[in-house]
Amino acid sequence: MMAELTNAVVDLQQRGIAFREYTYPTVDGPVAAIDVANYMGFSVERLVKTLVTTDLHGGYYVFCLPAACRIDMKKAAQLVGVRNLTMLQPDMFEELTGYVHGGCSPFGLKTRLPIFVDEDVLRWETIYISGGRVGLTVEVAPTVLQSELNAQTGHFTR
């Protein structure tokens, strides 16, 4: 099967990163990350969501964390060295990332942003992460987040 050419997939291909692609229906299909994991038969601990935050002073940060977890904004802000973080508003989301809200991937971002990956993500041989659109997930080794995207690690979940 030929890979769907989203920005994320193109980025993965250009970097020579091995990945496997999975799709699920976007009409009447799962929406929340946990529901996607259940629908696809993935371990919810291995499904990783990508969140984009801002410090409201021109700083933007990407966080990759297990789908079942919630981001702890205080821990995340401390990790990046700012006072406060808030989720990026949907009206800025596509302009900054090149993705629609709910389909963001750390691969192929329109704007180069600092990426942080929760330590729990790295314990798996492979993870499932957005392939750059709602309904598309890719399976990759989590270590490529560090080696290819220069992601920093830390613990920022609750």
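I took buried to mean under 20% relative accessible area. By that cut-off Asp11, at 13% relative accessibility, counts as buried. The model I am reading is a predicted one.

**Entry: overall layout**

I began with the chain as a whole. It has five helices and eight strands. Along the sequence I read the order as α-β-α-β-β-α-β-α-β-β-β-α-β. I then checked the extent: the C-alpha atoms fill a box of roughly 45 × 35 × 30 Å along the principal axes. A compact globule with 158 residues would have a radius of gyration near 15 Å, and the chain has 15 Å, which agrees. Buried residues make up 49% of the 158 residues. For contacts between residues at least 6 apart in sequence, I noted that 60% join residues at least 24 apart.

In soluble globular proteins, nonpolar side chains tend to be buried together. The largest core here holds 26 residues, and Phe107, Ile129, Val140 and Leu145 touch the most other members. I listed the elements that each supply at least two residues of this core: helix 1 (7–15), strand 2 (47–54), strand 3 (60–66), helix 4 (90–97), strand 5 (115–118), strand 6 (127–133), strand 7 (136–140) and helix 5 (143–149). Helix 5 gives the most, with three residues.

A second, separate core has 12 residues, including Phe63, Leu65, Ile71 and Ala77.

**Entry: helix 1**

Which residues are buried in helix 1? I found Ala8, Val9, Asp11 and Leu12. Seen down the helix axis, the buried residues fall within an arc of 160°, so they line one face of helix 1. They pack against strand 1 (20–23), strand 6, strand 7 and helix 5. Just after the helix, Gly16 takes a positive phi of about 70°.

**Entry: salt bridges**

Side chains of opposite charge can pair when their charged atoms come close. How many salt bridges does a search of the whole structure find? It finds three.

I took Asp11 and Arg15 to start with. Their side chains meet in a salt bridge, at 2.8 Å from N to O. The two are four residues apart in helix 1, and so are separated by about one helical turn. Asp11 is buried, whereas Arg15 is partly exposed, with a relative accessible area of 32%.

Arg15 also meets Glu148 in a salt bridge, at 3.5 Å from N to O. Arg15 lies in helix 1 and Glu148 in helix 5, so the pair ties together parts that are 133 residues apart in sequence. Glu148 is partly exposed, with a relative accessible area of 29%.

I then turned to Arg46 and Glu139, whose side chains meet in a salt bridge at 3.3 Å from N to O. This pair links distant parts of the chain: Arg46 sits in the loop between helix 2 (33–40) and strand 2, and Glu139 in strand 7, 93 residues apart. Glu139 is buried, with a relative accessible area of 14%. Through shared partners, salt bridges join Asp11, Arg15 and Glu148 into one network.

**Entry: Thr53**

I looked up Thr53 in strand 2. Is Thr53 buried or exposed? At 0% relative accessibility, I counted it as buried. Apart from neighbours within four places in sequence, Thr53 is in contact with Gly59, Tyr60, Tyr61 and Phe63, among others. Met73, Leu85, Thr86, Met87 and Leu88 are also in contact with Thr53.

Strand 3 and strand 5 run parallel and are joined by three bridges. Phe63 stands opposite Phe116 in this pairing. Strand 5 is also joined to strand 8 (residues 152–154) by three bridges, and those two run parallel. There I found Phe116 opposite Gln152.

Technical notes: Residues are numbered from 1 along each chain as its sequence is written. This is a predicted model: local features need pLDDT of at least 70, side-chain atom pairs count only at pLDDT 80 or more; totals for chains, interfaces and linings use all residues. Side-chain values use heavy atoms; hydrogens and water are left out. A nonpolar core is a set of buried Ala, Val, Leu, Ile, Met, Phe, Trp, Tyr and Cys residues joined through side-chain atoms within 4.5 Å. Buried means under 20% relative accessible area, exposed over 50%, partly exposed in between (1.4 Å probe, protein chains only). A salt bridge is a side-chain nitrogen of Lys or Arg within 4 Å of a carboxyl oxygen of Asp or Glu. Contact means heavy atoms within 4.5 Å. The arc is that of the directions from the helix axis to the C-beta atoms. Two strands pair if DSSP finds at least two bridges between them. The radius of gyration is taken over C-alpha atoms; the globule rule is 2.2 Å times the number of residues to the power 0.38.
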